[in-house]
Amino acid sequence: QEEAAQVTGPVLELTAGTGRVTEGLLKAGSNVTCVDLSHDMLEILRQKLAGAASPPLAVCSDVRRLPFRDYYHLAVIPFNSFLEITDEEDQLRTLSEARSALIPGGTFICTLHNPPIRRRSFGSDPRLLGPFEIPESGGRLEVWVNETWNPGTRVAEAQQTYKLYDSTGSLEREQTMQLRFSLLEQPVFAAMVRETGFEIVELFGDYDRSSFNAESSPYMIWILRRP
(Lines give C-alpha, C1' and ligand atoms only; values in the text may rest on other atoms or scores of the structure.)
Protein backbone atom coordinates (compact mmCIF):
# COMPACT_ATOMS: atom_id res chain seq x y z
CA GLN A 1 0.00 0.00 0.00
CA GLU A 2 2.85 2.38 0.80
CA GLU A 3 4.56 1.53 -2.47
CA ALA A 4 1.34 2.00 -4.45
CA ALA A 5 0.75 5.40 -2.85
CA GLN A 6 3.99 6.63 -4.45
CA VAL A 7 2.85 5.68 -7.97
CA THR A 8 0.73 7.99 -10.11
CA GLY A 9 -0.02 5.47 -12.87
CA PRO A 10 -1.97 2.19 -12.99
CA VAL A 11 -1.09 -0.79 -10.80
CA LEU A 12 -1.15 -4.47 -11.79
CA GLU A 13 -1.80 -7.09 -9.10
CA LEU A 14 -0.97 -10.65 -10.13
CA THR A 15 -2.56 -13.68 -8.41
CA ALA A 16 -5.12 -11.33 -6.86
CA GLY A 17 -7.45 -14.06 -5.59
CA THR A 18 -10.42 -12.68 -3.68
CA GLY A 19 -8.96 -9.19 -3.24
CA ARG A 20 -7.33 -9.27 0.19
CA VAL A 21 -4.41 -7.16 -1.06
CA THR A 22 -6.52 -5.25 -3.57
CA GLU A 23 -8.38 -3.46 -0.79
CA GLY A 24 -5.15 -1.89 0.42
CA LEU A 25 -4.13 -0.87 -3.08
CA LEU A 26 -7.46 0.89 -3.55
CA LYS A 27 -7.00 2.71 -0.26
CA ALA A 28 -3.73 4.03 -1.67
CA GLY A 29 -5.76 5.61 -4.47
CA SER A 30 -4.49 3.25 -7.14
CA ASN A 31 -6.12 2.39 -10.44
CA VAL A 32 -5.82 -1.40 -10.10
CA THR A 33 -6.03 -4.28 -12.56
CA CYS A 34 -6.36 -7.67 -10.83
CA VAL A 35 -5.28 -10.88 -12.56
CA ASP A 36 -6.05 -14.42 -11.43
CA LEU A 37 -6.64 -17.77 -13.12
CA SER A 38 -9.72 -18.52 -10.98
CA HIS A 39 -13.09 -17.21 -12.22
CA ASP A 40 -14.67 -18.00 -8.86
CA MET A 41 -12.14 -16.08 -6.78
CA LEU A 42 -12.35 -13.07 -9.08
CA GLU A 43 -16.15 -13.10 -8.79
CA ILE A 44 -15.79 -12.83 -4.99
CA LEU A 45 -13.33 -9.96 -5.55
CA ARG A 46 -15.80 -8.17 -7.85
CA GLN A 47 -18.66 -8.52 -5.37
CA LYS A 48 -16.54 -7.48 -2.40
CA LEU A 49 -15.15 -4.35 -4.06
CA ALA A 50 -18.11 -3.35 -6.22
CA GLY A 51 -18.84 -0.39 -3.93
CA ALA A 52 -15.35 1.06 -4.16
CA ALA A 53 -14.98 4.56 -5.58
CA SER A 54 -12.86 3.12 -8.41
CA PRO A 55 -13.54 -0.64 -8.55
CA PRO A 56 -10.64 -2.73 -9.88
CA LEU A 57 -10.64 -4.28 -13.31
CA ALA A 58 -10.67 -8.06 -12.79
CA VAL A 59 -9.06 -10.09 -15.58
CA CYS A 60 -9.06 -13.89 -15.66
CA SER A 61 -5.71 -14.76 -17.17
CA ASP A 62 -2.64 -16.95 -16.80
CA VAL A 63 0.26 -14.92 -15.38
CA ARG A 64 2.56 -16.72 -17.83
CA ARG A 65 0.65 -15.15 -20.75
CA LEU A 66 -0.50 -11.65 -19.81
CA PRO A 67 -2.59 -9.56 -22.23
CA PHE A 68 -0.80 -6.30 -21.33
CA ARG A 69 2.21 -4.46 -22.72
CA ASP A 70 4.09 -1.32 -21.65
CA TYR A 71 1.27 0.08 -19.51
CA TYR A 72 1.61 -0.36 -15.75
CA HIS A 73 3.75 1.77 -13.46
CA LEU A 74 3.78 -0.84 -10.68
CA ALA A 75 3.20 -4.60 -10.70
CA VAL A 76 3.02 -6.80 -7.59
CA ILE A 77 2.81 -10.52 -6.93
CA PRO A 78 2.36 -10.59 -3.15
CA PHE A 79 2.70 -13.02 -0.28
CA ASN A 80 4.82 -15.76 -1.88
CA SER A 81 2.34 -16.57 -4.65
CA PHE A 82 5.15 -16.67 -7.22
CA LEU A 83 6.46 -19.80 -5.49
CA GLU A 84 3.34 -21.75 -6.45
CA ILE A 85 4.76 -21.73 -9.97
CA THR A 86 7.10 -24.69 -9.60
CA ASP A 87 8.51 -25.13 -13.12
CA GLU A 88 11.62 -23.06 -13.83
CA GLU A 89 10.62 -22.21 -17.40
CA ASP A 90 7.21 -21.06 -16.18
CA GLN A 91 8.88 -18.95 -13.51
CA LEU A 92 11.07 -17.25 -16.11
CA ARG A 93 8.08 -16.75 -18.40
CA THR A 94 6.09 -15.12 -15.58
CA LEU A 95 8.93 -12.72 -14.81
CA SER A 96 9.24 -11.83 -18.49
CA GLU A 97 5.52 -11.18 -18.75
CA ALA A 98 5.54 -8.97 -15.66
CA ARG A 99 8.42 -6.97 -17.15
CA SER A 100 6.62 -6.57 -20.49
CA ALA A 101 3.48 -5.31 -18.75
CA LEU A 102 5.43 -2.42 -17.17
CA ILE A 103 6.41 0.88 -18.70
CA PRO A 104 10.18 1.48 -18.93
CA GLY A 105 11.21 2.50 -15.42
CA GLY A 106 8.24 0.65 -13.91
CA THR A 107 8.59 -1.26 -10.63
CA PHE A 108 7.86 -4.91 -9.88
CA ILE A 109 7.54 -6.16 -6.28
CA CYS A 110 7.83 -9.91 -5.69
CA THR A 111 7.76 -11.45 -2.21
CA LEU A 112 9.24 -14.87 -1.51
CA HIS A 113 9.98 -17.07 1.47
CA ASN A 114 13.60 -17.18 2.60
CA PRO A 115 14.29 -20.93 2.09
CA PRO A 116 16.54 -21.65 5.13
CA ILE A 117 13.97 -20.10 7.49
CA ARG A 118 10.91 -21.56 5.75
CA ARG A 119 12.34 -25.09 5.80
CA ARG A 120 12.54 -25.01 9.59
CA SER A 121 8.76 -25.47 9.73
CA PHE A 122 8.86 -28.69 7.69
CA GLY A 123 8.45 -31.91 9.61
CA SER A 124 6.81 -35.30 9.73
CA ASP A 125 3.96 -34.22 12.01
CA PRO A 126 1.12 -31.82 11.13
CA ARG A 127 1.29 -28.38 12.75
CA LEU A 128 -1.63 -26.17 13.68
CA LEU A 129 -2.15 -22.67 12.31
CA GLY A 130 -4.71 -20.78 14.37
CA PRO A 131 -7.29 -21.27 15.65
CA PHE A 132 -8.95 -18.34 13.90
CA GLU A 133 -12.10 -16.97 15.50
CA ILE A 134 -15.15 -16.34 13.29
CA PRO A 135 -17.03 -13.37 14.80
CA GLU A 136 -20.14 -13.78 12.62
CA SER A 137 -20.93 -17.28 13.93
CA GLY A 138 -18.96 -17.49 17.14
CA GLY A 139 -17.15 -20.50 15.71
CA ARG A 140 -13.52 -21.07 14.85
CA LEU A 141 -11.34 -22.35 12.03
CA GLU A 142 -8.31 -24.60 12.48
CA VAL A 143 -5.77 -25.08 9.70
CA TRP A 144 -3.52 -28.12 9.98
CA VAL A 145 -0.44 -28.22 7.74
CA ASN A 146 1.89 -31.08 6.90
CA GLU A 147 4.85 -30.29 4.60
CA THR A 148 7.71 -32.27 3.10
CA TRP A 149 10.71 -30.98 1.17
CA ASN A 150 12.50 -32.42 -1.88
CA PRO A 151 15.97 -30.80 -2.05
CA GLY A 152 16.60 -32.20 -5.52
CA THR A 153 13.66 -30.39 -7.13
CA ARG A 154 13.48 -27.44 -4.67
CA VAL A 155 9.74 -28.22 -4.41
CA ALA A 156 7.70 -28.76 -1.26
CA GLU A 157 4.62 -30.97 -1.08
CA ALA A 158 2.03 -29.84 1.43
CA GLN A 159 -1.33 -30.96 2.73
CA GLN A 160 -3.61 -28.42 4.39
CA THR A 161 -6.67 -29.56 6.33
CA TYR A 162 -9.33 -26.99 7.23
CA LYS A 163 -11.62 -27.74 10.17
CA LEU A 164 -14.61 -25.47 10.78
CA TYR A 165 -16.25 -25.61 14.22
CA ASP A 166 -19.54 -24.03 15.31
CA SER A 167 -20.07 -21.96 18.45
CA THR A 168 -20.56 -25.12 20.56
CA GLY A 169 -17.25 -26.63 19.43
CA SER A 170 -18.82 -29.21 17.13
CA LEU A 171 -17.07 -29.92 13.84
CA GLU A 172 -19.24 -28.58 11.00
CA ARG A 173 -17.00 -29.14 8.00
CA GLU A 174 -13.60 -30.52 7.10
CA GLN A 175 -11.72 -30.10 3.83
CA THR A 176 -8.24 -31.13 2.70
CA MET A 177 -6.19 -29.51 -0.05
CA GLN A 178 -2.92 -30.58 -1.65
CA LEU A 179 -0.35 -27.89 -2.45
CA ARG A 180 3.02 -27.69 -4.18
CA PHE A 181 5.40 -24.75 -3.98
CA SER A 182 9.03 -24.06 -4.73
CA LEU A 183 11.67 -22.41 -2.59
CA LEU A 184 14.24 -20.33 -4.47
CA GLU A 185 17.54 -19.36 -2.91
CA GLN A 186 18.53 -15.71 -3.16
CA PRO A 187 21.31 -16.21 -5.80
CA VAL A 188 19.00 -18.36 -7.93
CA PHE A 189 16.18 -15.81 -8.03
CA ALA A 190 18.63 -12.93 -8.54
CA ALA A 191 19.97 -14.71 -11.63
CA MET A 192 16.43 -15.27 -12.92
CA VAL A 193 15.40 -11.63 -12.63
CA ARG A 194 18.55 -10.48 -14.38
CA GLU A 195 18.03 -13.04 -17.14
CA THR A 196 14.54 -11.66 -17.75
CA GLY A 197 15.75 -8.08 -17.99
CA PHE A 198 15.07 -6.62 -14.56
CA GLU A 199 17.34 -4.46 -12.45
CA ILE A 200 17.44 -5.19 -8.70
CA VAL A 201 16.68 -2.02 -6.75
CA GLU A 202 16.27 -3.34 -3.19
CA LEU A 203 16.05 -6.61 -1.31
CA PHE A 204 14.28 -6.44 2.04
CA GLY A 205 14.06 -9.21 4.60
CA ASP A 206 10.64 -8.32 6.03
CA TYR A 207 7.71 -5.95 5.60
CA ASP A 208 9.32 -3.39 7.91
CA ARG A 209 11.89 -2.78 5.13
CA SER A 210 14.72 -4.27 7.16
CA SER A 211 17.77 -5.35 5.17
CA PHE A 212 17.82 -8.95 4.00
CA ASN A 213 19.85 -11.36 6.11
CA ALA A 214 20.16 -14.83 4.60
CA GLU A 215 20.39 -16.49 8.03
CA SER A 216 17.55 -14.73 9.84
CA SER A 217 15.14 -12.88 7.52
CA PRO A 218 11.79 -14.65 7.10
CA TYR A 219 11.21 -13.25 3.61
CA MET A 220 12.87 -11.92 0.50
CA ILE A 221 10.98 -8.85 -0.71
CA TRP A 222 12.41 -7.94 -4.09
CA ILE A 223 12.01 -4.45 -5.53
CA LEU A 224 12.80 -4.72 -9.23
CA ARG A 225 12.77 -2.22 -12.09
CA ARG A 226 12.30 -2.50 -15.82
CA PRO A 227 15.19 -0.44 -17.24
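**Exercise 1.** Determine which residues Asp206 touches, leaving aside residues up to four places away in sequence, and state where in the fold Asp206 is found.

*Solution.* With contact taken as heavy atoms within 4.5 Å, Asp206 touches Pro218, Tyr219 and Ile221. Asp206 itself is found in the loop between strand S10 (199-204) and strand S11 (219-225), where strands are DSSP runs (E) of at least two residues and helices runs (H or I) of at least four, numbered from the N terminus. The model is predicted, so local features need pLDDT of at least 70 and side-chain atom pairs pLDDT 80 or more, whereas totals for chains, interfaces and linings use all residues. Residues are numbered from 1 along each chain as its sequence is written, and side-chain values use heavy atoms, without hydrogens and water.

**Exercise 2.** Classify Asp206 as buried, partly exposed or exposed.

*Solution.* Buried means under 20% relative accessible area, exposed over 50%, and partly exposed in between, with a 1.4 Å probe and protein chains only. Asp206 has 25% relative accessibility and therefore counts as partly exposed.

**Exercise 3.** Give the strand order of the seven-stranded open sheet, and explain why S3 and S10 stand at its edges.

*Solution.* Two strands pair if DSSP finds at least two bridges between them, and the order is S3-S2-S1-S4-S5-S11-S10, with mixed pairing. Strand S3 (57-60) and S10 each have a single partner strand, so one side of each is left without a neighbour in the sheet. Within this order, strand S5 (residues 102-113) pairs with S11 in the antiparallel sense over seven bridges, and Phe108 stands opposite Leu224 in S11.
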